[in-house]
Each structure stands twice: as C-alpha cells, then as structure tokens.
Amino acid sequence: MSSRREEYQREQAEQAYLQLNGSTPLPKREKKGHKKKKNKRRRRLIALVVLILAIGGGIYAYQKYSNAKNAADKIYTSTKIAKSRNVSSVLNDGNPISILLLGSDDGALGRAKTGGRTDTLIVATLNPKTSSMTLVSLPRDAEVAISDHESDFPSKINSAYAYGGAATAVKTVEKYLNVPIDFYATINMGGLESLVDAVGGVDVKSPLTFSYGGASFKKDVKSHVNGKQALSYARMRYDDPLGDYGRQTRQRQIIMAVALKSTNLQNLLNQKFLNTMSSQLKTDLTFDDLTVLGTNYRKSTHHSKSDHLQGTGTMINGEAFEVADEAEKQRITDKLRDALDLVHAETGNTLTPDTKINTTRK
C-alpha cells in the first residue's frame with residue numbers, strides 16, 4: 001500500500017509541476033531494487049579489475065623472482081669443503097660475515113691467460129650491526145704454503161686457485177690469517193667490464209693522473225666510467241708509484257662501486273644485469289643467502305673501510321715474492337677479526353697442515 005501511495009503522490013506532484021512550468025515531466029526515480037542490482041554489478045566489475053591487476057602483478061613479480069633465482073642458481077658453485085663455522089646460523093642471526101673475492105685477468109685487455117691464477121684477492125667483511133664493510137687486499141705475490149700442497153713451499157698466494165679452485169684458495173687464506181672465510185665469489189676481470197656496463201657505469205675518483213688502455217684520469221677528479229674505462233682504471237700498475245698496491249686500491253674502488261649499485265632493486269630486476277652476472281660470476285652463496293644479504297646486510301655498504309697487507313719485495317729462488325712480516329700479518333688479522341666480532345687470536349701459519357681456524361665470538 002505504501003509504495004502505491006508514494007507513486008500516486010509522485011504523479012500528482014508531476015502534474016502540478018507541468019501546469020506551473022510547462023516543462024517535461026520530472027525524471028522517474030529508480031526503484032530501490034533496480035539501484036541495488038546496479039550497484040552490485042558495479043562492485044563486481046571493480047572486483048574483477050582488481051583481481052586482473054593482482055594476477056598481472058603477481059605474474060610480473062613471479063617472473064622477476066624466477067629470473068633472479070635462475071641467475072642465482074647458475075652462479076652457485078659449492079667448494080665442497082666443510083665451512084669453518086655454521087654460516088647459515090651466522091646469516092640468520094644477522095652476525096658479520098666474510099667473503100673472499102677472487103679475480104682473474106684471463107682475456108682482460110688482451111692479456112694472456114694466467115692459468116687459473118687470481119691476480120685479485122680481497123677479503124670483504126659485512127657487519128650489519130655497525131653498518132660497515134671492510135675490504136682488505138692481499139698481494140698476489142704473497143709468500144705462502146698452498147693448503148694441501150705444503151711441499152711446494154714457497155708459493156705465491158695467487159696460485160692457490162690454480163691448485164684446487166676456490167676451495168684451495170679459501171683454505172689457504174684462512175690458514176694464512178686465521179680468519180674464517182664464510183663465502184667466496186670469483187669474477188673474470190674481463191667480465192667486470194660487462195658488469196659495470198650492466199649497472200650503468202660507476203663513479204671513481206682517481207688517486208693519481210694517468211692514461212691506460214685508451215682511458216685518461218686526473219688526480220682527485222671524479223669520473224663516471226663505463227666498463228672498458230673501469231677495466232683500464234683497475235688494471236694499470238707500472239705507472240703507479242705504489243705498483244701493485246696502488247692497483248689494488250683502484251680495484252677495490254671499482255668492486256665496491258659495482259657492489260653498491262648491484263644492491264639497487266632496479267638493477268637486481270634488470271635482465272641484462274642478471275644475464276651478465278650469471279655468465280661472469282661464481283659463488284657459493286645460494287639464492288636464499290643472497291636474499292638475506294640483500295634484505296639484512298645491504299646497510300653494511302653504507303660505510304666502508306679499505307686496507308691492504310703490506311709485504312716486502314724479496315727474490316726467492318729467482319722469483320719475486322711479497323713477504324709480510326708477522327707484525328703486519330697480525331695487524332690485518334686483528335682488523336678482520338674485529339670486523340667479524342671475533343675474539344683476538346694469533347695470526348695464521350700456512351706451513352702448519354692441520355690448523356684449526358679460531359671462530360670464537362666476542
């Protein structure tokens with residue numbers, strides 16, 4: 001009854017309006033039931049659009065995730081040796097970690113093959129608690145006894161990789177300094193050129209003025225360099241008054257610059273960067289490890305410290321070696337152990353075959 005009354009009253013009001021204004025009839029009001037159906041259809045359409053967008057975003061995110069995981073799986077190569085400490089526990093607890101960075105010069109700037117030797121050896125530590133990163137270069141000609149090949153003493157530390165790959169290099173460096181090496185990463189220095197290009201180039205400030213490999217640099221002037229220029233910057237040695245030590249400093253600059261830009265989300269999702277990384281890099285960091293590093297350790301790159309082990313040039317059996325005295329080795333051992341929050345311990349000795357690495361935390 002009430003609905004009929006409302007309809008009748010509406011018709012009467014419309015007639016009165018027409019008599020007074022001579023206009024068209026008032027628009028008829030939609031019935032409530034019809035309006036409810038229309039709103040319901042609208043909500044369904046909106047929900048459908050949201051669902052389509054969510055599915056599309058999920059596919060895109062999964063594709064990027066899948067690409068990153070595939071790249072990480074390609075670069076993963078285990079050393080197949082027992083770690084000096086439980087690295088999974090170290091990562092999960094957010095404690096400082098160490099990575100041995102190894103670089104070879106095979107094919108870089110037309111250089112001859114080095115037979116598996118690594119001309120770049122850098123021990124890097126990442127400490128998320130202090131938001132700091134420490135990079136320590138080791139001279140490639142440092143006098144050592146290669147792990148499991150002590151009878152060949154004296155040997156150069158850069159030959160450890162030729163003896164037994166990353167596993168032998170890791171064990172030799174650990175014994176040399178009495179510092180646990182949690183992970184390793186190897187890169188062909190020729191591949192560094194591609195990595196620099198993949199991240200859009202890097203900025204460097206040269207400590208001296210020089211020209212090399214078709215590139216020129218001025219002292220204390222910041223330059224944005226592409227891959228080829230970065231390789232030239234990192235490779236020059238003979239025109240540097242500090243020789244190989246000067247080159248190590250410049251190599252650390254390039255590697256640190258690439259590392260900083262590599263943690264950028266845009267680059268991590270960049271297919272060119274992922275393809276370059278998977279073809280030029282080898283590491284025993286798993287995809288899950290890399291995810292933890294990118295999430296919890298990225299801030300460690302905010303503050304960096306650089307150093308190098310200083311040796312003395314010495315001719316032994318007709319070969320040029322860099323021999324570091326015990327005080328200098330102890331200084332580097334202390335620096336790295338402090339960065340890893342480990343207790344003070346005596347530096348290492350590569351001539352002792354069964355040395356156990358001290359991993360006691362402070």
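Predicted model: local features only at pLDDT ≥ 70, side-chain atom pairs only at ≥ 80, totals over all residues.

I looked up K171 and found a relative accessibility of 24%, which counts as partly exposed. The side chain of K171 meets that of D148 in a salt bridge, at 2.5 Å from N to O. This pair links distant parts of the chain, since D148 sits in the loop between β4 and β5 while K171 belongs to helix α4 (residues 160-177), 23 residues apart. D148 itself is exposed, with a relative accessible area of 54%.

I then searched the whole structure, which gave 14 salt bridges. One of them joins D141 to K156, with the closest N and O atoms 3.8 Å apart. Because D141 lies in the loop between β3 (132-137) and β4 (143-144) and K156 in strand β5 (residues 155-156), the pair ties together parts that are 15 residues apart in sequence. D141 is buried at 19% relative accessible area, just under the 20% cut-off for that class, and K156 is buried as well, at 15%.

The next pair I checked was D307 and R331, whose side chains meet at 2.7 Å, N to O. D307 is in strand β12 (residues 303-308) and R331 in helix α11 (residues 326-339), so this bridge ties together parts 24 residues apart in sequence. D307 counts as buried at 13% relative accessibility, whereas R331 is partly exposed at 34%. I noted also that D307, E328, R331 and K335 are linked in a network of salt bridges.

Which residues of the largest nonpolar core touch the most other members? Of its 47 residues, they are I97, I99, V202, I254 and M277. For I99, leaving aside neighbours within four places in sequence, I listed contacts including I122, L126, F183, Y184 and L285. Another core, of 26 residues, lies apart from the largest one, and L102 and L177 are among its members.

β1 pairs with β2 (residues 120-127) in the antiparallel sense over 7 bridges, G103 having T120 as its bridge partner. With β6 (residues 183-188), β1 pairs in the parallel sense over 6 bridges, and there L100 stands opposite Y184.

Definitions and conventions: Residues numbered from 1 in each chain as written. Heavy atoms only, no water. Pairing = 2+ DSSP bridges. Helix = DSSP H or I, 4+ residues; strand = E, 2+ residues; numbered from the N terminus. Core = buried A, V, L, I, M, F, W, Y, C linked by side-chain atoms within 4.5 Å. Buried < 20%, exposed > 50% of the residue type's maximum accessible area, 1.4 Å probe, protein only. Contact = heavy atoms within 4.5 Å. Salt bridge = Lys/Arg side-chain N within 4 Å of Asp/Glu carboxyl O.
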